[in-house]
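Trainee: I am new to this structure and would be grateful for a guided reading of it. May we proceed by question and answer?

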Amino acid sequence: MAEIRLQQLAHSYSRDPQGADDYALRELEHVWEQGGAYALLGPSGCGKSTLLNIISGLLSPSHGQVLFDGKVVNELSPQARNIAQVFQFPVVYDTMTVFDNLAFPLRNQGLDEARIASKVKEIAEVLELGNLLKKKARNLSADEKQKVSMGRGLVRDDVSAILFDEPLTVIDPHLKWKLRRKLKQIHEQFNITMIYVTHDQLEASTFADKIAVMYGGQIVQFGTPRELFERPRHTFVGYFIGSPGMNLIPVQVQPGGVGFAAIHLPLPLDLQERLAACSPTHLQVGIRPEFVQVWDAPFDEGFSARVVDVEDLGTYKILSLDLQGVPLKVRLGEDRTLPEGQAWISFPAQWLMLYADDVLLEARS
Amino acid sequence: MNKVPNNKAWWLVLPVFLLVAFSAVVPMMTVVNYSVQDIFDQSSRYFVGADWYRQVLLDPRLHDSLLRQFIYSACVLLIEIPLGIAIALTMPTKGRWSSLCLIVMAIPLLIPWNVVGTIWQIFGRADIGLLGASLNQLGINYNYAANTMDAWVTVLVMDVWHWTSLVALLCYSGLRAIPDVYYQAARIDRASAWAVFRHIQLPKMKSVLLIAVMLRFMDSFMIYTEPFVLTGGGPGNATTFLSQTLTQMAVGQFDLGPAAAFSLVYFLIILLVSWLFYTAMTHADKQ
């Protein structure tokens with residue numbers, strides 16, 4: 001059990017990194033608090049696995065420090081850090097039975113057989129492996145094998161943290177949901193810090209209390225699923241989270257606000273000041289498809305947009321609009337009447353985000 | 001749906017059938033033919049039934065060389081398999097050194113059998129050979145031409161020198177095929193180096209080890225050229241293995257009937273032992 005702190009951490013796989021592109025991880029500061037359930041979300045190749053392997057000690061960072069409860073552990077092996085890690089593809093010891101597989105980490109710790117038997121039984125029950133305990137691990141199906149690899153991580157209850165590297169990739173969809181619930185239960189039961197790497201936002205938000213979104217070797221936002229949805233701090237978070245992702249529209253600075261084409265969007269005064277102070281190279285406004293307001297009748301402050309396409313996804317509809325040459329997605333409830341040919345929309349000020357060079361520009365509160 | 005019986009596809013097997021027939025079945029049948037008849041020339045031949053087999057199976061000379069052969073093959077396997085695994089485990093995995101190691105390991109495999117025999121014959125000579133003379137200089141009385149034990153050790157060391165590389169290279173390829181994640185998981189699970197070997201490396205090497213064991217068994221069981229060049233089967237009959245006994249019988253004494261009978265027995269022994277190895281090593285999978 002430990003608080004994991006990353007200080008000025010960066011990592012490059014090349015021995016002599018030249019520019020920012022040589023870094024798999026750009027310098028980052030982060031704290032994973034003891035007992036939290038966290039997700040590390042991001043696309044393939046964003047550095048999630050690198051970060052995870054640095055935390056577990058399989059990889060030694062080229063810059064910065066990893067601290068467990070305030071103690072620098074850079075040089076310590078995974079054994080010494082007392083970390084459990086579950087990998088993307090199932091790793092089982094072929095020649096051992098399921099029981100021996102689950103008991104293996106405990107035996108290596110030198111626990112007595114009676115303790116081991118009870119711990120293994122407990123975990124096997126949680127993961128529903130009870131009736132497979134006597135089977136040789138090599139004869140299991142892929143998802144049973146993955147459950148065994150997860151079990152080997154979960155069986156040690158004294159660990160500093162358990163790290164999951166996309167553990168449900170090989171699992172059947174209906175089992176995925178069940179296993180995520182199980183992990184959540186185990187987390188609540190044992191109060192162990194868990195970090196869960198995934199590229200699936202649904203997986204991240206069902207498992208974790210707080211999600212760290214990674215992009216280009218950096219953590220671009222760390223927050224609850226709701227914060228990520230409502231106030232994405234980076235255009236990537238807006239685009240990556242939500243389905244469909246956030247509408248991002250390039251805009252120019254105009255007196256009293258910003259605008260594109262013939263549309264003017266007023267901004268509060270302090271935001272105008274901040275914008276004037278930072279002079280970004282590119283400026284965007286973002287609004288989630290869920291938050292675009294659609295009116296049934298022409299509306300004074302609304303804009304008229306052409307309906308290009310409607311997708312009915314069963315529980316909701318996605319409208320593709322053309323707003324003076326700018327494509328826009330809007331998510332409508334199933335019960336709403338569909339506008340025909342033309343739609344009247346408006347952007348509620350509280351959901352309209354302003355991004356200067358991809359970073360959210362906020363009024364000082 | 002009605003299936004029209006059409007067995008013309010069997011004709012496609014014909015080329016393979018002919019190839020196997022001429023390369024294996026026909027020559028083998030010639031041997032079978034000799035093994036049940038006493039043939040003097042084309043016009044005078046007598047069917048003798050199982051006589052040659054009986055004679056061969058009761059021949060003490062063959063018993064001796066069969067026993068010698070089994071001991072020899074067992075020694076070869078017991079030395080070369082563990083040694084090959086150990087070498088494969090210590091070989092560097094990356095960089096220039098690994099390429100260099102692979103080349104050095106491959107060199108003995110490229111040398112023809114009789115050349116290997118000649119190399120060791122000279123290398124081991126007590127009067128002028130580097131090995132033999134040095135050993136004698138050190139006060140160790142070594143002479144493979146006179147001492148049974150020395151002859152055995154020399155023949156074994158020669159085989160180990162010639163063929164351990166094969167086992168090592170096969171194991172090396174098996175080891176390289178193990179994904180890194182297994183080693184990472186083992187580190188996370190705090191596995192000792194022995195546990196990593198026992199539970200990850202050895203099981204993952206099993207299929208290549210099976211090939212290594214079979215090849216080394218069959219090859220060593222059929223060994224002929226190297227001991228023939230090195231010791232000529234001596235001193236006495238100490239290093240006369242099965243092939244050599246068989247050759248003496250067939251070519252030296254021209255006893256074609258018993259030699260044919262023994263060839264078949266010899267073939268069946270190799271087949272049987274290989275089958276036993278194979279079943280034993282693959283059986284564990286099926287629980």
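Predicted model: local features only at pLDDT ≥ 70, side-chain atom pairs only at ≥ 80, totals over all residues.

Trainee: What radius of gyration does chain B have, and what would a compact globule of 287 residues have?

Mentor: The C-alpha atoms of chain B fill a box of roughly 85 × 75 × 35 Å along the principal axes. For 287 residues, a compact globule would have a radius of gyration near 19 Å, whereas the value for chain B is 24 Å.

Trainee: What percentage of the residues in chain B is buried?

Mentor: A residue is called buried if 20 or more other C-beta atoms lie within 10 Å of its own. Applied to the 287 residues of chain B, this criterion gives a buried share of 27%.

Trainee: How far apart are the end C-alpha atoms of residues 151–172 of chain B?

Mentor: An unreviewed UniProt entry lists several spans of chain B as "transmembrane region", including residues 151–172 and 207–225. Residues 207–225 of chain B are 84% helix and 0% strand, with end C-alpha atoms 29 Å apart. Residues 151–172 of chain B are 100% helix and 0% strand, and their end C-alpha atoms are separated by 31 Å.

Trainee: Which helix of chain B supplies the largest share of the side that touches chain A?

Mentor: In the contact between the chains, 13 residues of chain B meet 21 residues of chain A. The side belonging to chain B comprises seven nonpolar, three polar and three charged residues. Helix H8 (180–188) and helix H9 (193–204) of chain B each supply at least two of its residues. The largest share, six residues, comes from H8(B).

Trainee: Which residue of E22(A) is the bridge partner of Tyr355(A)?

Mentor: Strand E21 (residues 353–356) of chain A runs antiparallel to E22(A), and two bridges join them. Within E22(A), the bridge partner of Tyr355(A) is Leu360(A).

Definitions and conventions:
Residues numbered from 1 in each chain as written. Chains lettered and ligands numbered in written order. Pairing = 2+ DSSP bridges. Helix = DSSP H or I, 4+ residues; strand = E, 2+ residues; numbered from the N terminus. Contact = placed C-beta atoms within 7 Å. Nonpolar A, V, L, I, M, F, W, Y, C, P; charged D, E, K, R; others polar. Rg over C-alpha atoms; globule rule 2.2 N^0.38 Å. Buried ≥ 20, exposed ≤ 12 C-beta atoms within 10 Å, placed from the backbone. UniProt positions renumbered as here; feature names shortened; annotations may be inferred.
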